[in-house]
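This report goes through a model of a protein with its sequence alongside.

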Amino acid sequence: MIVELGHFALILAVAVAAVQTLVPLVGAHKGWRNWMDVAAPAATLQVVLVAFAFAALLWAFVTSDFSVALVVANSNSLKPWLYKLTGTWGNHEGSMLLWLLILALFGWAAAWFGTDLPASFRARVLAVQGSVGLAFGLFILATSNPFLRMDPVPMDGRDLNPLLQDPGLALHPPFLYLGYVGLSIAYAFAVAALLEGRVDAAWGRWVRPWTLAAWIFLTIGIAIGSWWAYYELGWGGFWFWDPVENASLMPWLLAGALLHSAIVVEKREALKAWALLLAIAAFGFSLLGTFLVRSGVLTSVHAFANDPARGFVILALLAVFIGGALTLFALRAGTVEARGAFATVSRETALVLNNILLAVAALVVLLGTLWPLIAETLLGRTLSVGPPFFDRAVTPLMVALAAALPLGALLAWKRGDLGRSARILLPALLLALALGALAWAVGTGRTILAPVGVALGTWVIAGALTDLWLRTGRSGPARLLRLPGADWGRATAHAGLGVLILGVSLHLAWREEAILVVPVGGSFEIGAYTVTLDSVERVQGPNYVADIGHLVARRGGAVVAALDPEKRLYPVTGMTTTEAAIDSGPLRDLYVVLGDPQEGGGYAIRAYVKPFTAWIWAGSALMALGGLLSLLDRRVRVGAPARRPAPATPPAAVAAE
Amino acid sequence: MKGLVLALLLWPAALGAVEPGEALTDPALEARARDISSELRCPVCQNENVDDSRAPIARDIRLLVRERLLLGDTDDEVRAALVSRYGEFILLDPPASGANLVLWLAGPAFLLAGLGVGWAAVRRRAAAPEVDLSPEERARLDELLPP
């Protein structure tokens with residue numbers, strides 16, 4: 001019964017989305033205020049209905065209702081409750097419903113936070129948001145309905161893929177979707193502005209917090225996924241340039257570009273047409289990611305819900321939304337005039353360079369991802385494009401970005417002085433060169449990755465600190481705490497990028513590896529550590545059987561860490577997983593994986609020392625934190641009750657802040 | 001868009017690839033073997049390199065690479081032998097020849113085009129007369145952004 005109610009709520013939500021699309025659009029066109037005012041309540045009603053539908057599906061999963069086909073395919077009565085819950089979105093249908101829920105949540109948030117927007121503009125934004133909800137709601141009902149029943153009802157379910165039975169599933173997809181779908185708001189703002197025929201400084205101010213929020217969520221989502229792959233897949237890689245990883249990287253790069261160019265729109269009323277285009281493209285890349293994952297056109301490890309029919313529908317939606325928006329852009333972009341003039345050496349120019357590098361990186365990743373498809377259809381060649389290509393194509397762009405960043409961030413608006421910025425940054429430069437030389441000296445010298453990475457990372461971090469220091473002006477460090485959130489945010493996010501660069505380059509350059517057979521009671525050396533395999537025991541888990549190895553790592557005789565890697569067999573799916581044992585430290589991770597028992601006795605063991613791995617996650621976290629600090633700057637928040645005589649916003653909106 | 005969730009899905013479960021018995025005794029040769037096999041795609045897996053894959057065919061390819069290296073083949077000869085057997089699909093690093101040149105040159109071309117367009121735009125803005133906000137816009141901005 002609850003499942004049917006959920007199904008019905010979803011159908012109602014689609015009907016409400018249709019109303020939310022059409023009525024405010026007509027109202028805004030004709031200037032009918034009461035038609036425009038339909039948008040906000042419709043957005044609220046839509047979120048209530050979709051949330052109810054999603055809750056019904058959660059209920060079916062948690063109670064293991066095996067009359068629902070989706071639950072049978074993805075759950076099992078023995079599974080721990082957390083994975084019953086997260087299994088709701090560990091599949092195509094459920095994850096699309098989560099996508100729709102987040103879309104509705106953003107629409108609702110835009111309605112409440114957007115009370116300061118001009119009425120017609122707000123109506124159009126919500127109408128565009130409603131149209132995306134309408135299209136994807138219909139898509140779910142027509143091709144991917146999660147509520148279908150099964151007859152006869154089986155005794156038990158086929159279980160969720162064991163690799164997905166991990167806390168990572170609770171966080172990674174929801175954060176990624178918050179990011180992807182958050183970009184729909186930037187898209188809605190762009191299309192609404194084109195419909196209005198008006199893009200001004202205020203547009204930049206409105207669109208930036210939404211882009212920033214989406215970018216923060218994407219950063220967190222990608223980092224969690226990367227971390228999950230690192231500890232779950234068993235050899236300590238963190239990025240594989242898989243097509244679907246690329247699909248999340250491209251919108252992240254474009255959102256990064258957009259949140260920088262929105263600053264220029266806001267402060268200087270330049271780059272307006274470009275920012276509009278980026279807003280459309282960023283959401284376009286989100287939809288493209290959806291298409292790539294769910295159509296199966298590309299050979300990917302993520303091949304999961306491969307259904308060409310669904311893929312075709314998503315491609316059609318992509319064509320309608322992005323093609324439509326770009327047509328509108330072509331017709332109206334001429335009316336969007338740049339106003340602010342700036343010198344060739346200025347903050348504006350630096351941000352143009354930032355945007356060029358990020359956009360080119362996104363395009364290169366796009367071409368590399370689609371190239372096998374292009375080569376096969378146009379040239380009849382079956383080929384692969386893998387990590388070696390992406391590493392070589394993207395790294396130079398990121399090096400250029402990191403090299404230019406500290407200089408650009410110090411330039412003044414309108415007219416900067418490159419020589420002055422360079423002089424201020426001289427200590428940062430010297431520090432970077434010194435640490436780079438140190439990395440060269442202590443490293444094996446086999447690769448230039450470590451010294452270049454260390455120098456660049458240090459340069460970016462020291463540059464960010466210099467930037468922060470300069471902002472305090474003559475009043476000294478006392479002013480540091482009173483600086484606006486935006487200044488702290490900028491410095492923190494930029495420093496985070498530097499930390500990330502350090503972590504990635506040292507992790508790759510200085511890793512050590514040992515692959516060998518170890519008898520129980522035997523020892524082996526890796527790096528500065530001596531690791532002993534004390535015992536291996538068999539343990540019964542809730543829905544798996546595990547072999548657990550007990551290892552101890554010592555350094556100079558002193559015990560450093562106890563490491564207990566597991567190898568699990570899940571009988572329902574017949575799959576095995578490895579649970580690596582990782583001893584994380586600020587300077588290195590010790591990573592041990594238990595392999596198969598060997599014929600001559602002993603176990604295969606793979607062990608790694610992965611230097612500075614924690615810096616990869618710390619850098620990502622700092623970038624997200626920087627975004628958050630910037631978002632909390634009260635000047636940035638849309639709808640902040642800005643010294644108005646009467647509170648124009650209802651209490652609910654204030655509470656929501 | 002499912003990100004890594006799905007990355008995990010078809011990953012052949014369990015421990016990665018290179019097994020203890022496979023390694024060559026000569027460390028220099030073994031290092032070359034690892035470099036080559038980490039840039040080869042496992043033909044039956046979804047998107048994994050031969051070095052990381054647990055599939056039996058990946059093991060065969062790893063052993064083949066080592067066999068050829070022991071016979072004195074250069075890295076390129078090893079790769080050529082594998083391409084003639086398994087096709088171009090096996091190379092994760094697409095050779096920069098023929099139509100693939102489009103792929104390899106696209107990055108530099110995009111960058112040059114971007115810099116060119118960007119430079120033209122910047123020059124145009126530098127030459128443009130300064131227009132200030134209209135009074136209404138200024139008032140609107142002040143309303144949104146308390147000074």
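## Confidence

The model is predicted. Among the elements of chain A, mean pLDDT is highest for helix H19 (residues 613–632) of chain A, at 95, and lowest for helix H20 (residues 651–656) of chain A, at 37. The pLDDT falls below 50 over residues 638–657 of chain A.

For chain A as a whole, the average pLDDT is 88, and 94% of the residues score at least 70.

## Overall form of chain A

Chain A contains 20 helices and 10 strands. Its radius of gyration is 26 Å, close to the 26 Å that the globule rule gives for 657 residues, so chain A is as compact as a globular protein of that length. Along the principal axes, the C-alpha atoms of chain A fill a box of roughly 85 × 75 × 55 Å.

Of the 657 residues of chain A, 56% are classed as buried. Among contacts in chain A with a separation of 6 or more, 74% join residues 24 or more positions apart.

## Domains

Four domains are assigned in chain A: domain 1 (1–165), domain 2 (177–424), domain 3 (429–510 + 617–640) and domain 4 (514–611). The C-alpha centres of domain 1 of chain A and domain 4 of chain A are 43 Å apart. These two domains are in contact, with 9 residues taking part from domain 1 of chain A and 9 residues from domain 4 of chain A. On the domain 1 side of this contact in chain A, the residues are 4 nonpolar, 2 polar and 3 charged.

Chain B is split into domain 1 (14–90) and domain 2 (96–129). The centres of domain 1 of chain B and domain 2 of chain B, taken over C-alpha atoms, are separated by 38 Å.

## Nonpolar cores

Which residues have the most contacts inside the largest nonpolar core? They are Ala186(A), Phe189(A), Ala190(A), Leu254(A), Leu258(A), Ala279(A) and Ala282(A), in a core of 205 residues. Helix H9 (residues 201–232) of chain A gives the most to this core, with 20 residues.

With neighbours within four places in sequence left aside, Ala190(A) is in contact with Leu276(A), Ala279(A), Ile280(A) and Ala325(A). Another core lies apart from the largest one and has 21 residues, including Ile582(A), Leu594(A), Tyr603(A) and Ile605(A).

Terms used: Residues are numbered from 1 along each chain as its sequence is written. Chains are lettered from A and ligands numbered from 1 in the order in which they are written. This is a predicted model: local features need pLDDT of at least 70, side-chain atom pairs count only at pLDDT 80 or more; totals for chains, interfaces and linings use all residues. Helices (H or I, at least four residues) and strands (E, at least two) are DSSP runs, numbered from the N terminus. The radius of gyration is taken over C-alpha atoms; the globule rule is 2.2 Å times the number of residues to the power 0.38. A residue is buried if 20 or more other C-beta atoms lie within 10 Å of its own, exposed if 12 or fewer, and partly exposed in between; C-beta atoms are placed from the backbone. Two residues are in contact if their C-beta atoms, placed from the backbone, lie within 7 Å. Domain bounds come from an automatic or database domain assignment. Ala, Val, Leu, Ile, Met, Phe, Trp, Tyr, Cys and Pro count as nonpolar, Asp, Glu, Lys and Arg as charged, and the others, Gly among them, as polar. A nonpolar core is a set of buried Ala, Val, Leu, Ile, Met, Phe, Trp, Tyr and Cys residues joined through C-beta atoms within 7 Å. pLDDT is the predictor's confidence in each residue, from 0 to 100.
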